[in-house]
Every structure is written in structure tokens, then in C-alpha cells.
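The following note is intended for a colleague meeting this structure for the first time. Please read the numbered points with the sequence and the model at hand.

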Amino acid sequence: MSTSTSPDTQKLLTLDFVLLFFLALFSNCYLAVYYCFEQWLVKVSVDPHWRGLLLGILFGTLLVARPCAIVFLLKRNKLPVVIAALLVSSGVLFSYQYLNPASPLFEWTLLGLRILQGIFLALFSTSVVSVLVSCIPPGQSARGFALFSITFLLPYGIIPSLGEYLLTIVKDEPHLYSLTGLLLIPCLAMSGLLAKRLRKPELAQGKDTSFLRYAGRLAYGVAHSGLGLVYASMVCFSIGTSTCIFFIKGLCSLTGGNPASFFFFYTMTIILVRIFGSRHLNRLPCYRVVPIVACTMSLGVLTIAWGPLWAYIPATILYGVSLALLYPLTASVVYNRSTPRTRTVNSNLMMLTFDFAALVSPMIGGVVISLGFDYHMVLTVAGVMILLCGILFTLDGLLSKQRSLLF
């Protein structure tokens, strides 16, 4: 008498998946709270050249550290790694209030803190993704990634608005960072409840005990996965979304729009679409839907950049609906076209595309502005990158179809 979807729901929404969801949700607030980091650097009179470096170095560290973390954690118990990462990340957030902007070493100290946090966030997020793929049953990859992606989106929908309110109470950004660091307490509690999962390594001790040999086999599997164009498309749409996040406030200073409304409406739209539509995601034809939603998402960004102010919210909602479909469908392709042995590595390499985008998008925006253009053109570049995502994904679909006909 049960429906066909009921067993799938029970298999996906296990206690471990729910705990992992909230652990990632709270820990992602450690990144979302930096929405005001650039404005704080302006307040304390940090040189513009330093500001760009300090903004991007955390993501640059993630980009470099994540591949090392992937291989390092294959045969290891992840529980102490996760606990150490939470302690260090919270410690960094607590430390900002004790820094002296007048010190000649102020910028170098900030640089060191950002690099330190980036290293441990790479270890933490790699551990979380590794456990995540073990919690997703076959046939529910799109739904699993769709629901889990809320953990990245919800902090960016809530923290900017909540942070602006809390700033009126705590008075400055360093104390806001300290408040965020208190999320260490629930994160440690959930890590303890997930201890059994976190202790289990992907690579069991057994016949193949050579770490380098196993890493080489994984590298070979990744290189021959045929996912290069998929990763390239993810880089493009990630650059587009990161550019919107970093520069929407600058655009709104020209258009009169409210940047908090952008974060609220697009994240709430994504969450609603993924909660109520996640059951149907695995039934959608990826190679037909992704190019369409890439076009509608690009249209939303271009409307935000150049359209009238009354179209700002509708365009933001269109952007949110499109992104709600784009990410889980592309992520499901990575999952479904990976072997069980390379699935964890490929999923973490997918995360590298987001790290890379977060690193280069501030640089792209800075170059556009340095060439004499304004924020309208910066968002235009974001829209073009998202459109390119759809083109690359379509090309991957054509090549995949050609390969299937040949073999």
C-alpha cells in the first residue's frame, strides 16, 4: 500500500543524512558571515590591493588544499579531523576582535588567519562530502544533492540580514564573527552523533595498502571519467554566481536596489523549489533541462544588471528557480558517471570548481572595473559565464551521445 517514493524517502532521509545536513548548515555560516569582510577592511583602512588578496586567499587556499585533503583522508578516521577543523575555524573567528588595525603586521596576520582557516575548511568540507556520498542511495543523487545544497544556500539567505541586525547590537564586524564562532557548540554535538560514520574511511585496510598506488588508480579513474566538460560548465556557472554574490551590493549602489533582497529572494526560491520539487529531479532529462535553465538564469542576471528597478525582484526569483535546477542536475551527472571507487574523489573535485570560482570571480570583477567599466558590466560578465555553462554542458551531452553510439 505504500507508494513507490516512500522507500526512497526513508533511505535518503536517514538520521545520519539529517545530522550531516545540519552540521554542514551551521558550519557554512563560518563562510557566509564574511559577506561583510570587504566592508570591514575598508573601515579599518586596508589598502585596496590587500583587500583583494585577503578576500580571495581563503578560497585560493581551499583550491590548493582540497586535492591534498581528498587523498590524505582516504584511509583515515575523519572524526578528529572534523573536530580540529571546527575548533580552528571558530578560533579564527574569535581572534578578529583582538587584532590591532594600527599594527604594521595587521594585514599579514589577517593573511595568516585566512590561510589557516582555508586549510581546515578544506579538511572539513572534504570529510563532509565523503560522508555525504555514502549516505545517498542509488537513484537519488539529484534529490540528495538538491537537498544538501540548501546547507550552502540558507546561510547566505539568513546571515546577511541577521548580521546587519546584530551589527547594530555588537557594533562591529569582529564581534559578529565571534558570535558566529559560538556555532562550534552544536557542530561538536552533531559531530559526536556522526562519529560512527566519520570514523569509517573510504579505503578499507586490506589487500591494496599502498597509498600512492591507490591514489594513482584514483587519479587514472578521474582522468578517464569523461567529466572535463561537465567540470568546465560548473566552473562557468560558479564564476557567475560568485560574481553576483561579491558585487551585487556595488550594483545596488548604482541602481537603488536592496542587496539583502537579492540574497533573501533567490535563496528562499531555491529552498522552496528543492524542498517541494526534489522528488522529481531525478526524472528530469539533464541534457535538455540544464541548457534551458542556464539561459533563463543568464537572463535573470542580465535583467538585474540592466533592467528597470521594478524587475529586480522578479529577475532575482527567475535566477533562483534556474539555479535551483542547474546545480543538482549537473552534480547528479558527476555522481552517476563516476564509479563507486571514484565517486567520492569526483564529488570533491566538483567542489574544487566552486573554490576556483570564488577565487577568480573577485579578480574578474576587479579587472572589469579597472578597465573603466562599472558594476553593470561586472554582472554582464556573470550572465555570459552562466550562458557559457549551458553551451559546455550541451557539448558534453553531444559527445557523450557520440561515445555511446560508438561503443
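1. K171 is exposed, with a relative accessible area of 65% (exposed means over 50% relative accessible area, buried under 20% and partly exposed in between, with a 1.4 Å probe and protein chains only). K171 sits in the loop between helix 8 (150-170) and helix 9, and has a positive phi of about 85° although it is not a glycine. Helices (H or I, at least four residues) and strands (E, at least two) are DSSP runs, numbered from the N terminus.

2. This is a predicted model, in which local features need pLDDT of at least 70 and side-chain atom pairs count only at pLDDT 80 or more, while totals for chains, interfaces and linings use all residues. Residues are numbered from 1 along each chain as its sequence is written, and side-chain values use heavy atoms, with hydrogens and water left out.

3. S45 also deserves a look: this residue is not a glycine, yet its phi is positive, at about 65°. S45 belongs to the loop between helix 3 (37-43) and helix 4 (48-72) and is exposed, with a relative accessible area of 62%.

4. For the chain as a whole, the protein has 18 helices and zero strands. Of its 407 residues, 53% count as buried. Among contacts (heavy atoms within 4.5 Å) between residues at least 6 apart in sequence, 88% join residues at least 24 apart.

5. Helix 5 (residues 79-95) has 17 residues, which should span 24 Å at 1.5 Å a residue, and its end C-alpha atoms are 24 Å apart, in agreement; the expected span is 1.5 Å times one less than the number of residues. Among the buried residues of helix 5 are L86, S89, S90 and L93. The cover over its buried residues includes helix 2 (15-32), helix 6, helix 9 (173-181), helix 10 (184-193) and helix 11 (195-199).

6. How do helix 2 and helix 5 meet? Their axes come within 10 Å and cross at roughly 35°; axes are lines fitted to C-alpha atoms, for helices over the stretch in contact, and angles run from 0 to 180 degrees between N-to-C directions. The crossing is left-handed, a term used if the near helix is turned anticlockwise from the far one by less than a right angle (right-handed if clockwise). L23, S27 and Y30 of helix 2 make the contact with L86, S89, S90 and L93 of helix 5.

7. Q117 lies in helix 6 (residues 106-135) and is buried, with a relative accessible area of 0%. Leaving aside residues up to four places away in sequence, Q117 touches Y30, Y34, L58, S89, V92 and L93.

8. Helix 13 (residues 228-255) packs against helix 15 (residues 286-306) at an angle of about 15°, with the axes 12 Å apart. Helix 13 is therefore roughly parallel to helix 15 (angles under 35 degrees count as roughly parallel, over 145 as roughly antiparallel, 65 to 115 as roughly perpendicular and the rest as oblique). Their crossing is left-handed. T241, C244, I248 and L251 of helix 13 meet M297, V301, I304 and A305 of helix 15.

9. Helix 16 (residues 312-336) reaches 36 Å from its first C-alpha to its last. Of its 25 residues, 19 are buried, so helix 16 is largely enclosed by the rest of the structure.

10. L281, in helix 14 (residues 259-281), is buried, with a relative accessible area of 4%. L281 and L325 are 44 residues apart in sequence, and their C-alpha atoms are 7.8 Å apart in space.
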